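Thanks for coming. Please bring up the sequence and the structure, and I will go through a few places one at a time.

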Amino acid sequence: MPTVLGLEGSANKVGAGVIRDGRVLSNQRATFVTPPGQGFAPGPVSRHHRQKLLGLVEAALNEAGLRGADIDGVAFTKGPGMGAPLAVVAAVARTLAQLWGRPLVAVNHCVGHIEMGRLLGGARDPLVLYVSGGNTQVIAFSRRRYRIFGETLDVAVGNCLDRVARLLKISNDPSPGYNVEQMAKRGKRLLELPYVVKGMDVSFSGLLSHVEETAFAMLVEVTERAMALCRSPELLLVGGVGCNGRLQEMLEVMCRARGARLCASDDRFCVDNGAMIAQAGWEMLRSGQITEIRDSGITQRYRTDEVEVTWRD
Ligand code: MG
């Protein structure tokens, strides 16, 4: 019964979680929150992670009722993500692995989301919509890879919403996306054009609805096309934007019309976390994919389909 510690820190969240054979024993996380109007830069994010990570590891072990000696493998996010924060987490993972004499497992962040979603949603071979601050991908498993069927050509959908929040000085606490969603709910009208000036007044709620609804409609369209192509009976929604209630509603309608099942989750597991890295690490460890210290460097660019999925056929 392998027990795996997973460490995540590719963006503004840092987490440590423990998985044992499909059970989440712990999942501890801290979020670096910037003041309204500001995004997050690699330097301050990595300082935040450096301050928090050891405490999170300790808390994750305590929550699981385990000691270091009980851990069979240390999984960490190799990429994609922001360089400096990834480097902080990788250094801690290398140190713990050597301290405990356990194998290291370098995990692709996107694959972490997918494996956690498969575990929780009980989905065997779903089509995957991965939407977050850094990624927007439509993914299906084929010939030992998670193949990317569609993706954003420029910024990720979450980044687009974050920027709207930044522009309008909307609070980043608990997250810009959450606050955009709450404001969009209160919006009364869906506007044709995102430019609303009335005399000396301006209206923003309609603009938010416009941005969000339009972005989500685009995602639903490409996801439905991929599901038709792959004849998928189930759709797995992962990534931070996957918490969005409106996006879930829109996908639910599309899935129902196709007779398909939507597997969505909540912010404990949609938002970046350590347990998802532990879960992907558990699968990798089981199939013999371990990482030598000399190969344990991080990489800001690391596509989902670069990973050979040796734990599925
Ligand atoms: Mg993510």
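How are α3 and α9 oriented to each other, roughly parallel or roughly perpendicular? Before I answer, note that this is a predicted model. Helix α3 covers residues 109–121 and helix α9 covers residues 274–286. Their axes come within 8 Å and cross at roughly 90 degrees. Angles of 65 to 115 degrees count as roughly perpendicular, and therefore α3 and α9 are roughly perpendicular to each other.

Now the residues at that crossing. On the α3 side, they are His109, Val111, Gly112, His113, Glu115, Met116 and Leu119. On the α9 side, they meet Ala275, Met276, Ile277, Gln279, Ala280 and Glu283. By type, the residues of this contact between α3 and α9 divide into seven nonpolar, four polar and two charged.

Next, the metal. Which residues are the protein donors of the magnesium ion? They are His109 and His113, each through NE2, Tyr130 through OH, and Asp272 through OD. These donors lie 2.2 to 2.8 Å from the ion. Written along the sequence, the donor spacing is H-x3-H-x16-Y-x141-D. Tyr130 is in strand β6, residues 127–131, while Asp272 is in the loop between α8 (267–270) and α9, so this pair ties together parts that are 142 residues apart in sequence.

On to the second largest pocket. The space in it is about 400 Å³. It has 19 lining residues, and those closest to its centre are Thr136, Glu151, Thr152, Leu219 and Val222. Which elements give two or more residues to this lining? They are β7 (136–142), β8 (145–151), α4 (157–167) and α6 (205–230). Of these, α6 gives the most, with seven residues. The lining divides into 13 nonpolar, three polar and three charged residues.

Staying with β7 and β8 for a moment, the loop between them holds Arg144. Its phi is near 65 degrees, which is a positive value in a residue other than glycine.

The axes of α4 and α5 are 9 Å apart, and the two helices pack at an angle of about 75 degrees. α4 and α5 are therefore also roughly perpendicular to each other. In this contact, Leu161, Asp162 and Ala165 of α4 meet Pro176, Gly177 and Val180 of α5. The residues here divide into four nonpolar, one polar and one charged.

The loop between α4 and α5 (176–186) contains Pro174. The bond in question runs from Gly79 to Pro80, and its omega is near -5 degrees.

That is the end of the tour.

Methods. Residues numbered from 1 in each chain as written. Predicted model: local features only at pLDDT ≥ 70, side-chain atom pairs only at ≥ 80, totals over all residues. Heavy atoms only, no water. Axes fitted to C-alpha atoms, helices over the stretch in contact; angles between N-to-C directions. Helix = DSSP H or I, 4+ residues; strand = E, 2+ residues; numbered from the N terminus. Parallel < 35°, antiparallel > 145°, perpendicular 65-115°, else oblique. Contact = heavy atoms within 4.5 Å. Nonpolar A, V, L, I, M, F, W, Y, C, P; charged D, E, K, R; others polar. 1 Å grid on protein atoms, 1.4 Å probe; cavity = no way out; pocket = protein on both sides within 12 Å on 5 of 7 lines; lining within 4 Å. Points joined across faces, edges and corners; volume = space filled by probe spheres on them. Donors = N, O, S within 2.8 Å, 3.2 Å for Na, K, Ca; no water.
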